[in-house]
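Trainee: Could you help me learn to read a protein model? I would like to start with its pockets and then look at a metal site.

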Amino acid sequence: MSGLKATDALVLPLFEEGLAQIRGLPRGVQSAYERVAKDDAVKLAYHRMVQTLERGGINRLVVVNAGKRADFNIERARRVASAGVRALWDLSVRSVAIAFDSGLDDRTAVRAATEGVHFAMFRPESLRTQARLRHLPPLASVQIVVGDSKSLAAEVDRADIVGQAVNLVRRLSNTPANQLTPRVLADEAMALGKEAKVKVEVLDEKQAERLGMQSFLSVSHGSHEPPRFIVLRYHGRGGSGYELAVVGKGITFDSGGISLKDPEGMHLMKGDMTGGAVAIATVWALAKAGAKVNALGVVPATENLPGGAATKPGDVVTSMGGKTIEVINTDAEGRLVLVDGVTYALQQGARRVVTVATLTGAIVVALGNHLTGVFGKPDDFVGDVIGASKRAGEKMWPMPITPEHRLQIQSDIADIKNTGGRPGGACTAAAFIEAHVQDGRPWAHLDIAGTFWAEEETLHSPKGPQGPAVRTLFELAESLADGAA
Ligand code: BES
Ligand code: MN
Ligand code: ZN
């Protein structure tokens with residue numbers, strides 16, 4: 001092990017099979033580690049234990065249950081780092097070191113530890129007035145100890161950017177809807193664009209109307225807050241066109257509109273702009289990392305509220321792509337804003353489009369709260385997205401769209417309708433977007449309704465907003481820079 005410096009705390013994984021193989025631990029630390037390993041408590045509940053040490057320049061040892069050695073991968077390693085750092089929150093720890101087993105390659109270890117620390121540093125209680133109750137982690141320095149001393153600075157930089165991008169999504173998801181209106185979201189995008197090489201353009205209602213975005217605008221009519229159509233452009237390759245466009249659902253609050261939602265859980269609909277935040281954060285991260293790729297972010301942002309001017313069930317609107325849409329249920333609003341985003345992205349020269357949205361309750365029924373559903377065509381492109389998710393350590397699962405799903409959303413009076421009833425609700429929502437993907441351009445759709453929020457703390461993260469999909473999309477865009485465009 002290359003030079004473990006004095007630190008308030010050291011985080012070590014513990015495998016089911018036994019101790020991690022970490023060379024050169026100070027003797028007092030090694031013996032404390034061996035003692036903890038014999039304690040069954042580390043295998044229970046929180047899967048972590050904090051020991052006071054005061055040996056070898058280390059004040060505390062945190063041992064985190066890392067599961068089976070054979071299953072140890074980037075995701076597990078990130079959890080160990082995140083859980084380890086979070087175990088120290090209420091202690092006055094200023095510096096922490098994380099060491100992984102030699103079984104994990106150094107690049108992966110460094111990346112997992114860096115991202116894990118970022119995930120642990122996010123706190124949802126930012127609006128509490130008493131600083132003490134905001135639980136802001138006091139960490140000032142982090143050491144990551146790996147087997148080899150060769151420079152991994154680039155890997156740390158990259159993981160730092162990705163970690164910040166995830167926390168950006170979480171912060172935006174978590175911000176109450178009265179504080180994060182479409183206009184505020186646009187301002188956030190502008191500010192982020194200024195600090196990275198991202199050009200941000202914000203279209204107002206009139207401009208959106210001139211472009212024919214009636215499907216998007218129909219969702220905004222019930223609200224006094226004006227909608228915004230946010231566009232982010234990053235030209236890391238130069239030249240024209242975009243290897244990738246990310247179109248994110250930007251509903252800053254979803255009450256359901258006239259088809260009003262049940263009040264239970266409605267407050268979480270402040271996070272219905274999470275897909276939009278993912279689009280913003282992905283483009284920002286690519287620019288920060290200087291990726292050699294052109295990326296477009298598109299965020300149709302609006303509230304979905306009932307009101308005197310609101311869209312009514314049965315109304316028919318025309319999308320920017322020229323399709324007439326019968327709005328059966330005003331609570332199926334995400335797809336209405338996304339299709340105009342997709343049409344815009346294609347017109348701007350996107351070669352591939354990924355839509356990201358907290359789109360359906362049905363995906364939660366299908367996959368649970370730990371998997372993001374992936375739809376799209378062709379299968380190769382869906383495979384690329386799933387492949388990127390694996391490298392990024394995010395759980396995603398492929399989902400189907402079949403001709404029967406497409407039939408379910410045929411309208412009796414217009415080209416298409418915005419719901420196909422309860423059966424296969426996540427699939428018919430995807431089929432609706434698919435109908436607006438022109439020219440056979442590759443398209444994937446990530447339904448993050450199950451994964452954007454966690455009601456309980458996990459090893460990976462504090463409870464609350466989770467910031468899914470950014471890591472995967474960053475990884476995907478990078479792979480497009482490396483190879484075939
Ligand atoms: N934003 C919701 C979906 C959602 C539900 C996200 C739970 C996160 C957690 C979406 O706009 C919605 O209301 N979908 C409806 C569609 C239905 C009316 C066809 C749904 O899933 O019930
Ligand atoms: Mn809705
Ligand atoms: Zn919604």
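This is a predicted model: local features need pLDDT of at least 70, side-chain atom pairs count only at pLDDT 80 or more; totals for chains, interfaces and linings use all residues.

Trainee: What volume does the largest pocket have, and which residues lie nearest its centre?

Mentor: Its volume is about 1100 Å³. The lining counts 42 residues, with Lys261, Leu359, Thr360, Gly361 and Ala362 nearest the centre. Sorted by class, there are 17 nonpolar, 14 polar and eleven charged residues in that lining.

Trainee: Now the metal site. Which protein donors does the manganese ion (ligand 2) have?

Mentor: They are Asp254 (OD), Asp331 (O), Asp331 (OD) and Glu333 (OE), 2.1 to 2.2 Å from the ion.

Trainee: Why is the arrangement around the manganese ion (ligand 2) irregular?

Mentor: Start with the ideal: six octahedral donors have angles of 90 or 180 degrees. Here the six donor atoms subtend angles of 72 to 169°, and therefore the arrangement is irregular.

Trainee: How far apart are the manganese ion (ligand 2) and the zinc ion (ligand 3)?

Mentor: They are 3.2 Å apart, and aspartate 254 coordinates both. The pair links distant parts of the chain: aspartate 254 sits in strand E10 (residues 250-254), and aspartate 331, 77 residues apart from it, in the loop between strand E13 (324-326) and helix H10 (334-347).

Trainee: Is aspartate 254 buried or exposed?

Mentor: Aspartate 254 is buried, at 3% relative accessible area, whereas aspartate 331 is partly exposed, at 23%.

Note on methods. Residues are numbered from 1 along each chain as its sequence is written. Chains are lettered from A and ligands numbered from 1 in the order in which they are written. Side-chain values use heavy atoms; hydrogens and water are left out. Donors are N, O and S atoms within 2.8 Å of the metal (3.2 Å for Na, K and Ca); water is not among the atoms, so sites may look incomplete. Four donors count as tetrahedral if all angles lie between 85 and 135 degrees; four count as square planar and six as octahedral if opposite donors are over 155 degrees apart and all others between 65 and 115; anything else is irregular. Helices (H or I, at least four residues) and strands (E, at least two) are DSSP runs, numbered from the N terminus. Buried means under 20% relative accessible area, exposed over 50%, partly exposed in between (1.4 Å probe, protein chains only). On a 1 Å grid over the protein atoms alone, a cavity is a set of points where a 1.4 Å probe fits but cannot get out, and a pocket is an open set with protein on both sides within 12 Å along at least five of seven lines; lining residues have an atom within 4 Å of a point. Grid points are joined across faces, edges and corners, and a volume is the space filled by probe spheres set on the points. Ala, Val, Leu, Ile, Met, Phe, Trp, Tyr, Cys and Pro count as nonpolar, Asp, Glu, Lys and Arg as charged, and the others, Gly among them, as polar.
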